[in-house]
Amino acid sequence: MSFTSRAADYVDWKRGQISREIYVSEEVYRQELETLFTRAWLFVGHESQIPNPGDFFTSRMGEESVILVRDKAGEIHVFLNSCRHRGMKVCRYESGNTSLFTCPYHSWTYTTDGRIRGIPLYKALYEGNLDRDDWSLIEVAKLHNYKGTIWATWDPQAPDFLTYLGDAKLHLDQALDCRDGRPGGSEVIGVHKWIFPANWKFAAENFLGDTYHNPSHRSVDMIGIGPSALQGVKGRRDNEMEEAQHIWCSFPAGHGVHSAIQPEGYEFVDTFKNDPEIGQYFRHCHEERKRRLGENARFLPFVGTLFPNTSYHGRQPRSLCSWHPHSANETEGWRFFLVDADAPTKVKDFLREYYMRYSGPAGMTEQDDLENWLYATRASTGTIARRHNFNYAQSMGASSLNPVVNGIEVKGDVSLQVTEHMAVGFYRRWAQYLDREPWDVLLGAGDERFHAQAAE
Amino acid sequence: MDAVQTDPKLRRDPAYFALRAEIEEFFYDEAECLDTRRFEEWLGMLHEDLRYFMPMRHNVKFGQHDERENSREDYGISWFNEDKWTVSKRVEQILTGVHYAEEPLSRTTHMITNVQVQTALPSVEAADEITTSCRFLTYLNRVEYETYFFVGKRYDRLKKVGGEWKVLHRRIILDQNVLQAKNLSTFF
């Protein structure tokens, strides 16, 4: 089935309306696999999952299984998990350490740098007809290690990762950097994997900064499950941003985030009160971070989605998510939980217990999101339903380019009120991938929001 | 590692079968509470020092199962690894009536089978602390078409408090790698 439509026709960004087809159509879904997941930078895993030579973690890019592996020389690779001979998965373990990937089917073997090590009966059956150097495991076109997070793309023409990330970098940093402001230093302490019957974009969009869906979580907010809940504090997290100005930012490459900027002269807000020792630890981190980062310490993250399907929760809780597509109405969610690798054990224990009660399919907060995504997908599949667009007009026109907020210039198309303009920006870019636009367009070249003078 | 049975197997004598019957009855009472949505009553069957644990299951190489197949209790991330306060919060959440993942409430049937007593202290005849193993099959259906089967093994430590059995430690071994459900909104 070929894609005969123009994806741009589904996204009426001027009126803030988007066709339901993009969430339910198999044809659209196939086009996403062909044109989007083959080009965009995708999150594959974390360096802490493969610390030693020979360590591997099997991951996914789009619908396809890939192997993230550190070769014997210490270099990181991402390979398609499929034998070059008949396609059998060469690795069906989730993680481990190995010298060779052996295909169970006909026993072709590959070294950790992807090269063929052995083909049974090579001399008798293949000599002269097959050059082993041409039949290595299929490797991604580009790979980037950003503060321990490994990203990859199948498109050799793709811009380098930092160009792709653009000004969303500052916000992603808030999730990846140590709580006391040192760059990087996070580790993955576990990965939830679960499959749910909803389109992957519902999950991605949720984390672009859909603050408006707060009422979904009324039940946890009523009972209190946050890091100070034992002290009677309600809500699902401690509100350390009560004095802050919240910001919702859309970026040229399609990313969207919700962060906040503390006012000048702000003080530590008493949080993590379930345990005074943990509270003291985070007070210490706060002071250190302020000392290290200066004015930039006033940036605090909530959530974000890096185009197309990597999301983060920046602080309470703290994790990275991949929303792997399985079909138009089925998604495999992976949640990589993060802590500072050198945090005290007691802090890690406190955090992971909080993460588990908040996040993932057993998490008291996330369960309600999944209910929404499932039934939003299901109730959009009908013929009549598909004739009626979704509305994304919220706070339309309320954003501006690079505003100064609490004395700090904030890069991007930024709103200071709850908004859906990040979603509109996301889908504008999404349509351009499906319509096979060139990379300069995919990075926002034709988007008037980021080129104010050119549009005049 | 699923089962931890280092002690010798208890002798299958009348005292053993009487104890097993008592424990089966306890498990059936729990299931009845959950399936008839008497969640607060169910909480009363849990010890104040409860640990409630469900690991994630990993696909690992032969020979590594003991060490790496299951996520570890009190280390890293699992599906559940919590105390009675957290389990009670889950009940409290359902009782708000606005926990949309359980509103409207799911229909569940908790089936318990293969119950065995593994250890009994101080003796089978006078047991006040025991460990058990069993199998569970939990059927969940919600709204119209959503149906899930959760099947696995359960290893419990029960302790008598004021003459009544309470669940002190529950280890739930769900036989799935990628969770085949959108949520784990039921109890095990």
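Author: Domain 1 of chain A and domain 2 of chain A bury about 1300 Å² between them, with 61% of it on carbon and sulfur atoms. Buried area here is the accessible area (1.4 Å probe) that two parts lose on being put together, summed over both. Bear in mind that this is a predicted model, where local features need pLDDT of at least 70 and side-chain atom pairs count only at pLDDT 80 or more, while totals for chains, interfaces and linings use all residues. Residues are numbered from 1 along each chain as its sequence is written, chains are lettered from A and ligands numbered from 1 in the order in which they are written, and side-chain values use heavy atoms, leaving out hydrogens and water.

So who's who? Domain 1 covers 7-36 + 166-455 and domain 2 covers 42-144 of chain A, bounds that come from an automatic or database domain assignment. Their centres, taken over C-alpha atoms, are 33 Å apart. Domain 1 puts 21 residues into the contact and domain 2 puts in 14, contact meaning heavy atoms within 4.5 Å.

Now for the charges: two salt bridges are counted between the domains, each a side-chain nitrogen of Lys or Arg within 4 Å of a carboxyl oxygen of Asp or Glu. Lys193(A) forms a salt bridge with Glu94(A), and their closest N and O atoms are 2.9 Å apart. On the domain 1 side, the elements giving two or more residues are helix 2 (26-35), strand 13 (186-196), strand 18 (318-327) and strand 19 (330-340) of chain A; helices (H or I, at least four residues) and strands (E, at least two) are DSSP runs, numbered from the N terminus. Strand 18 of chain A gives the largest share of that side, six residues.
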